[in-house]
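Reader: I have just opened this model and would like to learn how to read it. Could you walk me through it, feature by feature?

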Amino acid sequence: MIIAGGWNRVVLMAGLGVVLPTAIVVQAVAIAQSWGSWYWVPGSVGATVVCLAAWAGLRRPLRPAVAGVGVAVAAVAATLVAGSDLPAEPGPAMALGLAVLTGSALRTLAPVPAGALAAAGPVVIIAGQLAAGPPPTGLAGVTAVDGLFWLVGAGTGLLLRMSDARASAAAERVRRAERLELARELHDVVAHHITGMVVQAQGIQVLARRNPDQVADHLGEMEAAGIEALAAMRRVVGLLRDTDDAAPASPGPEGLDALVERFGRKGPTVRLSLPEGNTAWPPEVTSTVYRIVQEALTNVLRHAPGARSVTVTVEQDPHDVTVEVTDDAPAVPAWPPHRGGYGLVGMRERVETLGGSLRAGPRPGTGWSVRATLPAPLREPR
């Protein structure tokens with residue numbers, strides 16, 4: 001079955017790379033001991049093809065699943081033609097490969113192809129028993145084992161499909177919540193710029209009566225303010241969110257001092273490094289930097305109890321603002337927890353909408369890092 005996490009997928013593929021060949025060998029030995037001669041060869045060849053398809057179909061199962069079912073059908077047809085001269089198919093090893101393909105299909109494919117491939121399993125298993133002839137008493141042992149494998153594969157695939165659907169729905173709720181928060185910020189940004197333009201317009205009316213020669217200069221400033229307002233709205237207008245702990249709307253990083261101070265009372269020591277000089281950022285950039293630091297510090301409290309210190313670095317170059325939050329928590333285990341939860345999903349949505357990038361992950365050696373870069377051309381505050 002397809003696993004989203006890289007480590008999980010590697011472990012799963014390695015595990016199946018051991019289990020599937022082992023099942024083929026055990027089946028071949030059992031047939032050779034009970035039937036003798038070369039009877040283990042046809043079933044082993046068919047099982048190998050199906051198991052290879054199952055292993056290859058962990059990422060994209062449609063074509064491998066169709067091929068695996070086709071091989072199983074061919075094996076059943078060969079048993080039907082040979083009668084009692086060949087062992088019943090599908091054998092346990094082939095059924096195990098079909099179960100993996102069934103689980104992969106049920107987890108990832110659209111409902112119609114997933115349902116069709118899942119239904120093909122019982123059909124092939126029942127056809128295999130009928131082709132091999134009726135057993136002396138009741139259900140054949142091979143058929144019972146095949147059916148059990150299919151049930152486990154189908155059940156696992158359905159459970160993972162429901163888990164993926166819940167995770168996708170949760171991530172989508174976070175993205176929508178992030179858009180809803182920025183709706184309020186959009187209101188603040190527009191109100192700030194429009195209020196300034198109204199004040200300038202009122203001043204220009206007075207100036208036009210007293211000193212008409214200076215009107216053109218002030219009109220240019222008013223035009224620049226309007227262009228800046230339009231640019232801010234374009235960056236923010238698609239996103240919406242509401243919040244109880246609002247980020248600052250001032251054009252700079254001043255609010256980070258208070259945020260870091262509050263965090264220091266509950267968690268490890270925090271070192272804050274801010275850019276020198278009186279730089280001014282667009283309000284949506286200021287609030288996004290604040291939210292990234294807030295989310296990263298919250299994750300340190302929740303997921304890095306061993307951290308002794310945290311470093312928050314905000315840098316400004318002529319074109320971008322870069323914010324990075326790092327901690328010194330001990331190295332994560334082989335199966336790392338999902339450190340950021342869904343908070344970083346919302347942060348990534350916000351950052352990418354503003355034209356930036358966000359990266360979160362373990363640091364070399366120890367600790368965790370969250371680093372975001374946002375377009376914010378250097379300009380002096382008004």
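Author: We will go from the whole chain to single residues and pairs.

Author: First, some ground rules: this is a predicted model, where local features need pLDDT of at least 70 and side-chain atom pairs count only at pLDDT 80 or more, while totals for chains, interfaces and linings use all residues. Residues are numbered from 1 along each chain as its sequence is written, and side-chain values use heavy atoms, with hydrogens and water left out.

Reader: What is the mean pLDDT of the protein chain?

Author: pLDDT is the predictor's confidence in each residue, from 0 to 100. The mean for the protein chain is 78, and 78% of its residues reach 70 or more. Residues 1-5 stay under 50, although the model has 23 contacts for them beyond four places in sequence; a contact means heavy atoms within 4.5 Å. Residues 238-246 also stay under 50, with 40 contacts beyond four places in sequence. Where pLDDT is low, the predicted coordinates should not be read in detail.

Reader: How many helices and strands are there in the protein chain?

Author: Helices (H or I, at least four residues) and strands (E, at least two) are DSSP runs, numbered from the N terminus. The protein chain has 10 helices and 5 strands. Among contacts with a separation of 6 or more, 74% are between residues 24 or more positions apart.

Reader: How many of the residues count as buried, as a percentage?

Author: Buried means under 20% relative accessible area, exposed over 50%, and partly exposed in between (1.4 Å probe, protein chains only). Of the 382 residues, 41% count as buried. In helix H10 (residues 343-353), the buried residues are Leu344, Gly346, Met347, Glu349, Arg350 and Val351. Glycine 355 follows H10 and has a positive phi, near 90°.

Reader: Is threonine 79 buried or exposed?

Author: Threonine 79 is buried, with a relative accessible area of 1%. Its place is helix H3 (residues 62-82). Apart from neighbours within four places in sequence, threonine 79 is in contact with Leu86, Pro87, Ala88, Glu89, Ala131 and Ala132.

Reader: Which residues does methionine 197 touch?

Author: Setting aside residues up to four places away in sequence, methionine 197 touches Met222, Ala225 and Gly226. Methionine 197 belongs to helix H6 (residues 141-210). Its C-alpha atom is separated by 9.7 Å from that of alanine 224, which is 27 residues apart along the chain.

Reader: Which residues form a nonpolar patch on the surface?

Author: Patches are made of residues with over 30% relative accessible area and no salt bridge: like charges are joined within 9 Å, nonpolar side chains (Val, Leu, Ile, Met, Phe, Trp, Tyr) within 5 Å. Accessible areas come from the Shrake-Rupley method with a 1.4 Å probe, and for residues only the protein chains shown count as cover. Here Trp38, Trp40, Val41, Val45 and Val49 form a nonpolar patch, with about 450 Å² of accessible area together. Valine 49 lies in helix H2 (residues 40-56) and is partly exposed at 40%. The protein chain exposes about 20,000 Å², with carbon and sulfur atoms supplying 64% of it.

Reader: How do strands S4 and S5 pair?

Author: Two strands pair if DSSP finds at least two bridges between them. S4 (residues 357-362) and S5 (residues 368-375) pair in the antiparallel sense over 6 bridges. One of the bridges joins proline 362 to tryptophan 368 in S5. The two strands form a hairpin with 5 residues between them, and glycine 365 in the turn has a positive phi of about 95°.

Reader: How many salt bridges does the structure hold?

Author: Side chains of opposite charge can pair when their charged atoms come close. A salt bridge is a side-chain nitrogen of Lys or Arg within 4 Å of a carboxyl oxygen of Asp or Glu. The structure holds 3 salt bridges. In one of them, arginine 107 and aspartate 164 meet at 2.5 Å, N to O. This pair links distant parts of the chain, with arginine 107 in helix H4 (residues 92-108) and aspartate 164 in H6, 57 residues apart. Arginine 107 is buried at 10% relative accessible area, whereas aspartate 164 is partly exposed at 28%.

Reader: Which parts hold arginine 371 and glutamate 324?

Author: The side chains of arginine 371 and glutamate 324 meet in a salt bridge (3.0 Å, N to O). Arginine 371 lies in strand S5 and glutamate 324 in strand S3, so the pair ties together parts that are 47 residues apart in sequence.
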